[in-house]
Amino acid sequence: MKALRHLLSMDDLDRDDIDYLLDLTQRYVEVSERKIPRIPALRGKTVALVFYEDSTRTRISFATAASRLSADALGFDVKRSSANKGESLRDTIETISAMGIHGIVLRHFGAGAPWRVREWTDASVINGGDGRNQHPTQSLADLFTARRHLGELDGKRVAIVGDVKNSRVARSNAIGFAKMGAEVVFVAPQTLLPASLEGWPVSATHNLDEVVEEIDVCYLLRMQLERQHDAPVPTLREFHHEFGLTAARADRLKDGALIMHPGPMNRDVEIAGEVADRPNAVITEQVANGVAVRMAVLFVLIGSRLDLVEEGSLADQESAVA
Amino acid sequence: MTAPDVTRAIRRMAHEILERNSGCEDVVIVGLQTGGVSLAERLVSDISEIEGADVPVGSLDATMHRDDFDLRPIMSEAATVIPVDPTGKIIVLVDDVLYTGRTVRAALDAIHSYGRPKAIQLAVMVDRGHRELPIRPDFVGKNLPTRRAEMVDVNSDGVDLGEIS
């Protein structure tokens with residue numbers, strides 16, 4: 001794994017990095033299963049959770065991850081902060097940084113915000129979701145979950161279905177799954193696809209029925225009604241009928257195919273309520289793995305000083321002298 | 001030490017563990033990754049043979065509890081398997097070489113995140129001195145005075161002493 005200071009996009013990682021992070025995640029899953037799930041790896045470190053957009057799971061997930069590594073997590077709720085009094089993002093970040101923190105997890109409605117924030121702080125910046133752009137830790141949790149069930153992802157077929165246009169999860173996962181050797185297809189009506197797919201490692205179709213029997217992962221996206229301003233689908237009922245994972249479609253999935261969703265779910269919109277509770281739906285496991293994956297990311301960014309160590313040399317020497 | 005010396009030392013330590021604990025009731029043997037794991041398995045097979053009873057054996061990777069964790073690459077293959085809830089048990093930690101004591105300190109921390117043992121004992125094949133912490137072994141294969149510049153290698157052929165190049 002290369003030394004990494006920030007994690008802003010799945011583009012920051014190559015396949016080796018992803019493998020390293022997922023292997024480390026496996027270790028943290030084991031820690032999470034202990035009676036006392038806490039290790040001292042980030043003792044004395046402080047992580048600020050700076051959220052300009054509503055979030056429950058990502059925020060709690062990062063807070064849990066930090067505390068399992070013995071780091072302090074400071075919540076920064078924009079609705080109750082000086083940003084509400086007109087303070088700029090830059091001033092907010094510089095203020096927080098002046099308090100001597102080691103990591104900033106940023107959730108922001110503006111795509112690209114973490115790239116600017118990176119210039120205003122010495123702390124490591126982790127993108128916790130920026131607009132419609134990227135959500136790398138969600139993608140890593142999804143890759144981990146998929147790999148755990150399917151083994152290596154080379155040649156696996158992944159359909160990412162629904163509101164692709166407004167989804168940062170779709171963008172991060174398209175890159176993530178493709179880097180792991182999987183074949184990714186976006187399934188959505190034209191109105192919910194990005195204007196151009198040029199440069200994306202994916203194909204696209206408007207017909208879920210065409211691919212449903214061939215895929216190993218059916219990844220449903222949340223219909224982001226709050227980001228849709230131009231009525232991209234006639235009705236949600238019609239969308240469900242055409243692009244939702246109905247019980248009938250779920251029956252046609254091949255044996256062992258996974259049903260995934262980043263949450264929060266709109267039951268009976270992108271996924272039939274009953275389907276979300278089937279044994280091959282790993283949606284709650286994605287959430288659980290999210291904590292372990294964020295432990296791995298936090299540790300690699302702010303805990304590890306591997307950049308100071310010549311790869312392996314120290315460990316070899318120490319195990320020799322034990 | 002030659003391989004037969006190591007075999008005899010393991011046999012003796014198995015007897016000592018049984019003597020100290022008046023048998024093997026509640027005893028759990030836990031090998032420290034990576035050097036202690038095979039020794040733990042050999043100890044358990046000797047104990048079972050002597051006592052005619054099964055003793056649970058596990059492995060523990062204490063890397064994440066080390067004080068220099070951030071400077072060490074993580075070995076993803078080193079597994080921690082604690083076969084039973086350690087609460088109320090006598091845990092015998094097993095390692096190949098006892099040196100500064102830092103690995104053992106980390107292991108003491110790590111084991112407590114699984115439960116609260118009644119007692120923890122330490123068995124090592126080689127005690128080479130140079131402790132940096134107040135830690136001492138309960139069962140020792142061989143006391144081997146060394147210089148810091150030397151290295152101790154415990155392997156299937158026995159124990160070797162060499163220079164760090």
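pLDDT is the predictor's confidence in each residue, from 0 to 100. I started there, since I am looking at a predicted model.

**Entry: confidence.** For chain A I found an average pLDDT of 91, and 94% of the residues score at least 70. Then I came to residues 310-322 of chain A, where the pLDDT is below 50. In the model this stretch has 17 contacts beyond near neighbours in sequence.

**Entry: Ala41(A).** Next I looked up where Ala41(A) sits, and found it in the loop between α1 (15-32) and β1 (46-51) of chain A. Is Ala41(A) buried or exposed? I noted 24 other C-beta atoms within 10 Å, and the cut-off for buried is 20 or more, so Ala41(A) is buried.

Which residues does Ala41(A) touch? Leaving out residues up to four places away in sequence, I listed Leu69(A), Ser70(A), Phe299(A) and Gly303(A), plus Met64(B) and Phe69(B) from chain B. Gly303(A) is 262 residues from Ala41(A) along the chain, yet their C-alpha atoms are separated by 6.9 Å.

**Entry: two helices of chain B.** I turned to α1 (residues 3-20) and α2 (residues 35-51) of chain B, whose axes come within 9 Å and cross at roughly 60 degrees. That angle makes α1(B) oblique to α2(B). I also noted that the crossing is right-handed. By class, I found 8 nonpolar, 1 polar and 4 charged residues in this contact. On the α1(B) side they include Ile10(B), Ala14(B) and Ile17(B), and on the α2(B) side Leu43(B), Asp46(B) and Ile47(B) are among them.

Key. Residues are numbered from 1 along each chain as its sequence is written. Chains are lettered from A and ligands numbered from 1 in the order in which they are written. This is a predicted model: local features need pLDDT of at least 70, side-chain atom pairs count only at pLDDT 80 or more; totals for chains, interfaces and linings use all residues. Two residues are in contact if their C-beta atoms, placed from the backbone, lie within 7 Å. Helices (H or I, at least four residues) and strands (E, at least two) are DSSP runs, numbered from the N terminus. A residue is buried if 20 or more other C-beta atoms lie within 10 Å of its own, exposed if 12 or fewer, and partly exposed in between; C-beta atoms are placed from the backbone. Axes are lines fitted to C-alpha atoms, for helices over the stretch in contact, and angles run from 0 to 180 degrees between N-to-C directions. Angles under 35 degrees count as roughly parallel, over 145 as roughly antiparallel, 65 to 115 as roughly perpendicular and the rest as oblique. A crossing is left-handed if the near helix is turned anticlockwise from the far one by less than a right angle, and right-handed if clockwise. Ala, Val, Leu, Ile, Met, Phe, Trp, Tyr, Cys and Pro count as nonpolar, Asp, Glu, Lys and Arg as charged, and the others, Gly among them, as polar.
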